[in-house]
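Here is a friendly note to read with the model open beside you. Take the points one at a time, and look for each residue as it comes up.

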Amino acid sequence: MSVAALLCLSLVAAAPAAPAVPKVAAPAAVLDDWHKAAAEADEARYFGHFTAEGVFLGTDATERWTRDAFRAWAKPYFTRGKAWSFRAVSRNLVVSKDGTVAWFDEVLDTPNMGPCRGSGVLVKEGNLWKIAQYNLSVPIPNEVLPDITSRIEKHLKAPAPEGK
C-alpha cells in the first residue's frame with residue numbers, strides 16, 4: 001500500500017463522525033397517515049396519532065379542542081363513514097437535535113375549504129411520533145384581508161341566533 005493511501009486512510013479514520021441528522025421521514029409518515037385516517041374515517045387510527053394532552057386548533061376562533069373533546073365533536077363524522085379529506089401539497093418539517101420534537105407547517109389541498117395550512121408539533125413517545133398540537137388555518141391573501149376583517153367584525157357584532 002502506498003504512503004499516500006495510508007495517509008488518506010488514517011485521515012478518514014481520525015476524522016470526527018458527522019453528527020447524526022434526525023430523520024424527518026418518521027414524523028412525516030405520521031402526518032400522512034393521520035390525514036389518510038380522516039379520509040378513511042378511521043377514528044381510532046386518527047385519534048391514536050395524538051398525545052393524550054394533544055390539542056387541535058380549528059379555523060374558527062372558538063375551536064380549541066383537547067384530543068378527547070375534538071374526538072367527541074368529530075365522532076358523528078367518523079361514524080357516518082366520511083370525515084374530511086386533507087392532502088399535504090408541501091410540507092416543511094424540522095426535528096430537534098435530540099430527535100424528540102418535530103415542528104412543521106404544511107400546505108393542504110382540501111375539497112371543502114380550499115387551500116389551507118396546517119402547522120404544529122409532534123413529540124416522540126418511546127419509538128412513536130405523536131401529534132401534540134395541530135393548528136389548521138385558512139391563509140387569506142393580503143389583498144382581500146380588509147374585506148375579510150370587516151366581515152368578521154360584523155359577524156362578531158351581530159346578535160346571536162336564538163337558542164345560543
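1. A pocket is found on a 1 Å grid over the protein atoms alone, as an open set of points where a 1.4 Å probe fits, with protein on both sides within 12 Å along at least five of seven lines; its lining residues have an atom within 4 Å of a point. Its volume is the space filled by probe spheres set on the points, which are joined across faces, edges and corners. The second largest pocket here has a volume of about 370 Å³.

2. A word on the model before going on. It is a predicted model, in which local features need pLDDT of at least 70 and side-chain atom pairs count only at pLDDT 80 or more, while totals for chains, interfaces and linings use all residues. Residues are numbered from 1 along each chain as its sequence is written, and side-chain values use heavy atoms, with hydrogens and water left out.

3. Which residues lie nearest the centre of the second largest pocket? They are Trp 73, Trp 84, Phe 86, Asn 112 and Met 113, out of a lining of 19 residues. Helix H2 (25-39) and helix H4 (67-79) each supply at least two lining residues, and H4 has the largest share, with three. Helices (H or I, at least four residues) and strands (E, at least two) are DSSP runs, numbered from the N terminus. By class, this lining has 13 nonpolar, four polar and two charged residues. Here Ala, Val, Leu, Ile, Met, Phe, Trp, Tyr, Cys and Pro count as nonpolar, Asp, Glu, Lys and Arg as charged, and the others, Gly among them, as polar.

4. Now turn to the largest pocket, which holds about 430 Å³ of space. Of its 13 lining residues, Thr 59, Asp 60, Ala 61, Thr 62 and Ile 152 lie nearest the centre. Strand E6 (128-137) and helix H5 (145-157) are the elements that give two or more residues to this lining, and H5 gives the most, with five. The lining divides into seven nonpolar, four polar and two charged residues.

5. Helix H5 also holds Leu 145. Together with Val 138, Ile 140 and Val 144, Leu 145 forms a nonpolar patch on the surface, with about 280 Å² of accessible area in all. Such a patch joins nonpolar side chains (Val, Leu, Ile, Met, Phe, Trp, Tyr) within 5 Å, from residues with over 30% relative accessible area and no salt bridge. Areas come from the Shrake-Rupley method with a 1.4 Å probe, and for residues only the protein chains shown count as cover.

6. How many salt bridges (a side-chain nitrogen of Lys or Arg within 4 Å of a carboxyl oxygen of Asp or Glu) does the structure hold? There are ten. In one of them, the side chains of Asp 32 and Arg 91 meet at 3.0 Å, N to O. Asp 32 lies in helix H2 and Arg 91 in strand E3 (residues 87-95), so this pair ties together parts that are 59 residues apart in sequence.

7. Another salt bridge joins Arg 71 and Glu 43, with the closest N and O atoms 2.9 Å apart. This pair links distant parts of the chain, helix H4 and helix H3 (residues 43-48), 28 residues apart. Is Glu 43 buried or exposed (under 20% relative accessible area is buried, over 50% exposed, partly exposed in between; 1.4 Å probe, protein chains only)? At 14%, Glu 43 counts as buried, while Arg 71 is partly exposed at 31%.

Key: Patch = residues over 30% accessible without salt bridge, like charges linked within 9 Å, V, L, I, M, F, W, Y side chains within 5 Å.
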